[in-house]
Amino acid sequence: RGVVQVQVPDPVCLVIENMDYMEFMIRTHTAPDAIDALLVRAQELILAWLDGVLAADIGDTFRIFGAEYCQPPQMRLSAYQHLVTAFDRPLVERLHRAGKTVQYHCHGPIGALIDDFLALGVDAIDPCESPPAITGDIALGEVIRRVDGALVVMGNIQLDDIERAEPATIDRLVRRAVKEAGPDAPFLLLPTAAPFVTPLPERTARNLIQFIDSARAHGGAPD
């Protein structure tokens, strides 16, 4: 059993991945109108592509990515809200009108962005990294408290730990995440990313099995 998920770059992702990142950051200050024009065109292209995908009835859920390019502290929150939230909203609305669910991807510190995620009306966020990982700035329990059931929180177990830690550490991290989430929160335990090394190292394979075993033991995951 499963669902088909479609990966969707957002406008800022499409623009940045077609130019130098530093150049983009500079031009948001020196040529903001030109950057906005690029984002408008990128949004038009993505929406047209989405219309084709939806017309073909492809996909049960859609995962939008790219927000992390502009999140604080790389840019001010006001810049993020203009470059990301405002340009992503039509994508989310188009998908919701088609009856699709929207998962919103953003690595890194998200403490300042929770309200924007809620305002977008997305159905889920990932990967919700939290301290002591240097990429996170807000505890999982605090994320769940702030979203208050309005969306599904996904992730939290660092891929770096899956690739490097001992099985006992994986078990401890899973147990901690499940405890922080609590028994009633809409929470889906996942690694923060998928391994992309082939062949899969023995330690990574062993820890993925431990991750699943620990989720079943501590979180009530189905067999």
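**Questions on a predicted model**

Colleague: Is Asp-115 buried or exposed?
Modeller: Asp-115 has a relative accessible area of 51%. Buried means under 20%, exposed means over 50% and partly exposed lies in between, with a 1.4 Å probe and protein chains only, so Asp-115 counts as exposed.

Colleague: What pLDDT must side-chain atom pairs have to count?
Modeller: The model is predicted; its residues are numbered from 1 along each chain as the sequence is written, and side-chain values use heavy atoms, leaving out hydrogens and water. Totals for chains, interfaces and linings use all residues, whereas local features need pLDDT of at least 70 and side-chain atom pairs count only at pLDDT 80 or more.

Colleague: Which helix holds Asp-115?
Modeller: Helices (H or I, at least four residues) and strands (E, at least two) are DSSP runs, numbered from the N terminus. The run of residues 114-120 includes Asp-115, and this is helix H5.

Colleague: Which parts of the chain does the pair Asp-115 and Arg-146 tie together?
Modeller: The two side chains meet in a salt bridge, at 3.8 Å from N to O; the term requires a side-chain nitrogen of Lys or Arg within 4 Å of a carboxyl oxygen of Asp or Glu. The C-alpha atoms of Asp-115 and Arg-146 are separated by 8.4 Å. Arg-146 is partly exposed, with a relative accessible area of 26%. Asp-115 and Arg-146 are 31 residues apart in sequence, so the pair ties together parts of the chain in helix H5 and helix H6 (residues 140-147).

Colleague: What separates Glu-142 and Arg-145 along helix H6?
Modeller: Their side chains meet in a salt bridge at 2.6 Å, N to O. Glu-142 is partly exposed at 30% relative accessibility, whereas Arg-145 is exposed at 54%. Because they are three residues apart in H6, Glu-142 and Arg-145 are separated by about one helical turn.

Colleague: How many salt bridges does a search of the whole structure find?
Modeller: One of them joins the side chains of Arg-94 and Asp-51, at 2.7 Å from N to O. That pair links distant parts of the chain, 43 residues apart, with Arg-94 in helix H4 and Asp-51 in helix H3 (residues 32-55). Asp-51 counts as partly exposed at 37% relative accessibility. The search of the whole structure gives a total of eleven.

Colleague: Which strands stand at the edges of the sheet?
Modeller: Six strands form an open sheet in the order E1-E2-E3-E4-E5-E6, with parallel pairing; two strands pair if DSSP finds at least two bridges between them. An edge strand has a single partner strand, so one side of it is left without a neighbour in the sheet, and this applies to E1 and E6 (187-191).

Colleague: Which residue in E2 is the bridge partner of Pro-9?
Modeller: Strand E1 (residues 5-9) and E2 pair in the parallel sense over five bridges. Strand E2 (residues 61-65) is mostly covered, with four of its five residues buried. In E2, the partner of Pro-9 is Phe-65.

Colleague: Thr-204: buried or exposed?
Modeller: Thr-204 has its place in helix H9 (residues 202-219). Leaving aside residues up to four places away in sequence, Thr-204 touches Ile-162, Glu-163 and Pro-195. With a relative accessible area of 3%, Thr-204 is buried.

Technical notes. Contact means heavy atoms within 4.5 Å.
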